Amino acid sequence: MAAQREWFEKDYYKELGVTDTATAKEITKAYRKLARELHPDKNPGNAQSEERFKAVSAAYDVLGDEAKRAEYDEVRRLGPMGGQGGPGGFTFNMDDANASGLGDLLGQMFGRRGAGGRSGATASGVGPRRGADVQAELTVDFVDAARGMTTTLHLTSDAQCSTCAGSGARPGTTPKLCPQCGGRGVIDDNQGLFSFSSPCRRCGGGGTVIEDPCPTCRGSGVEKRPREVQARIPAGVSDGQTIRLKGRGAPGRNGGPPGDLLVQIHVAPHPRFGRTGNDLTVRVPVSFPDAALGADVPVPTLDGQPVMLRIKPGTQPGSRHRVRGKGIQTKKGTGDLIVTIDLVVPTALSEAERSAVEQLAAASAGETVAAGREPA
Ligand SMILES: [Zn+2]
Ligand SMILES: [Zn+2]
């Protein structure tokens with residue numbers, strides 16, 4: 001697991017003095033220059049340049065290999081998951097890491113295999129650990145989603161143990177210095193030219209051991225607790241979107257930063273309005289005379305104040321009309337209100353209406369109105 005731990009903690013790009021967008025050529029060039037400068041033959045007995053040489057070699061071992069670099073970038077992107085069962089979790093092919101070019105390189109130069117020996121550390125409790133990301137779901141009202149809102153999320157999640165304040169030790173006791181490594185968290189392995197250090201197995205690299213664990217969290221420093229999180233939901237959030245609240249996830253271990261809270265949003269449907277991106281959609285009933293003659297028809301809006309939409313004579317049912325700027329306002333701009341016309345056919349007619357419609361029918365006899373009607 002050594003490679004996994006190191007990948008979280010080390011900035012290989014920084015070691016080589018390149019940006020994370022550097023090309024393979026730039027990386028190789030930077031490595032060769034550093035390797036020449038820092039080579040042990042050039043700096044005999046200089047422990048500092050020896051350390052740097054090892055670090056640079058380790059960095060190039062990963063960044064110089066396209067597949068390993070991609071994996072490393074992915075690990076960096078996701079961040080360390082800690083030992084608290086982050087979603088998914090990773091497994092790396094450690095055979096590959098141990099058989100890596102670093103070992104071969106050092107082996108060739110110094111007549112021993114270097115990197116193969118470091119192993120045995122578990123991912124949990126090695127140095128500061130970022131807390132796990134926590135998933136939550138939130139159903140929001142259609143109008144709230146459109147306008148944005150602040151809400152309180154009620155979660156049950158890992159929190160710092162209240163009994164031991166996260167130390168994992170029974171109150172009144174403290175974690176003891178690890179007797180194996182004397183609190184350093186690493187064990188030196190002196191062989192040949194270099195001394196390689198590997199994480200202490202007794203304390204997992206944390207440097208302390210708990211002799212009398214806290215009864216609440218049984219030494220983990222973490223307990224399940226209901227908690228409330230204030231969440232700002234941005235205007236225009238859409239169904240299925242996930243909002244990341246930085247630092248509101250599970251607490252970190254050994255002084256590490258907390259994880260994030262990932263809130264998946266469900267937007268409840270609205271009885272009248274629909275949504276396409278930032279555009280709102282609505283259907284509006286129009287009478288036959290209004291559609292035939294043209295009219296100003298009231299159209300509902302999200303803020304409750306209707307707007308008047310002018311429709312031309314001869315407006316067709318199903319036709320769509322755009323009211324600019326009456327959609328959803330987000331930081332990225334404002335959508336429109338898209339109005340679809342529904343033609344309303346009366347279910348009952350007064351005497352006067354009936355005679356008027358009959359006159360209309362007589363006046364338009366033989367026109368396309370009859371098209372499609374079944375012959376009697
Ligand atoms: Zn506790
Ligand atoms: Zn130890």
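A salt bridge here is a side-chain nitrogen of Lys or Arg within 4 Å of a carboxyl oxygen of Asp or Glu. Keep that cut-off handy for the exercises below, which work through a predicted model.

**Exercise 1. Find which residues are linked in a network of salt bridges, and how many salt bridges a search of the whole structure finds.**

Step 1: run the search over everything, and 16 salt bridges come out.

Step 2: look for bridges that join up. Arg130, Asp133, Arg244, Lys246 and Asp260 form such a network.

**Exercise 2. Say which strands the Arg310 and Asp296 salt bridge links.**

Step 1: the closest N and O atoms of Arg310 and Asp296 are 2.8 Å apart.

Step 2: this pair links distant parts of the chain, with Arg310 in strand 13 (residues 307-311) and Asp296 in strand 12 (residues 295-299), 14 residues apart.

Step 3: now the accessibility. Arg310 comes out exposed because its relative accessible area is 66%, while Asp296 is partly exposed at 37%.

**Exercise 3. Describe the site of the zinc ion (ligand 2): what are its donors, and what is their arrangement?**

Step 1: collect the donors. They are the SG atoms of Cys178, Cys181, Cys200 and Cys203, at 2.2 to 2.3 Å from the ion.

Step 2: get the geometry. The four donor atoms subtend angles of 103 to 116°, so the arrangement is tetrahedral.

Step 3: read the spacing, which is C-x2-C-x18-C-x2-C. Cys178, in the loop between strand 3 (176-177) and strand 4 (186-191), and Cys203, in the loop between strand 5 (194-199) and strand 6 (208-209), link distant parts of the chain, 25 residues apart.

Step 4: Cys178 is buried at 1% relative accessible area, and Cys203 is buried at 11%.

**Exercise 4. Repeat this for the zinc ion (ligand 1): which residues coordinate the ion, and how are they spaced in sequence?**

Step 1: the SG atoms of Cys161, Cys164, Cys214 and Cys217 coordinate this ion at 2.2 to 2.3 Å.

Step 2: the angles run from 103 to 116°, so this site is tetrahedral.

Step 3: the spacing reads C-x2-C-x49-C-x2-C. Cys164 lies in the loop between strand 2 (149-160) and strand 3, and Cys217 in the loop between strand 6 and strand 7 (222-233), so they tie together parts 53 residues apart in sequence. Both Cys164 and Cys217 are buried.

**Exercise 5. Identify where pLDDT stays under 50.**

Step 1: start with the chain, which averages a pLDDT of 79, with 81% of residues scoring at least 70.

Step 2: pLDDT stays under 50 over residues 80-125, where the model has 85 contacts beyond four places in sequence.

Step 3: where pLDDT is low, predicted coordinates should not be read in detail.

Note on methods: Residues are numbered from 1 along each chain as its sequence is written. Chains are lettered from A and ligands numbered from 1 in the order in which they are written. This is a predicted model: local features need pLDDT of at least 70, side-chain atom pairs count only at pLDDT 80 or more; totals for chains, interfaces and linings use all residues. Side-chain values use heavy atoms; hydrogens and water are left out. pLDDT is the predictor's confidence in each residue, from 0 to 100. Contact means heavy atoms within 4.5 Å. Helices (H or I, at least four residues) and strands (E, at least two) are DSSP runs, numbered from the N terminus. Buried means under 20% relative accessible area, exposed over 50%, partly exposed in between (1.4 Å probe, protein chains only). Donors are N, O and S atoms within 2.8 Å of the metal (3.2 Å for Na, K and Ca); water is not among the atoms, so sites may look incomplete. Four donors count as tetrahedral if all angles lie between 85 and 135 degrees; four count as square planar and six as octahedral if opposite donors are over 155 degrees apart and all others between 65 and 115; anything else is irregular.
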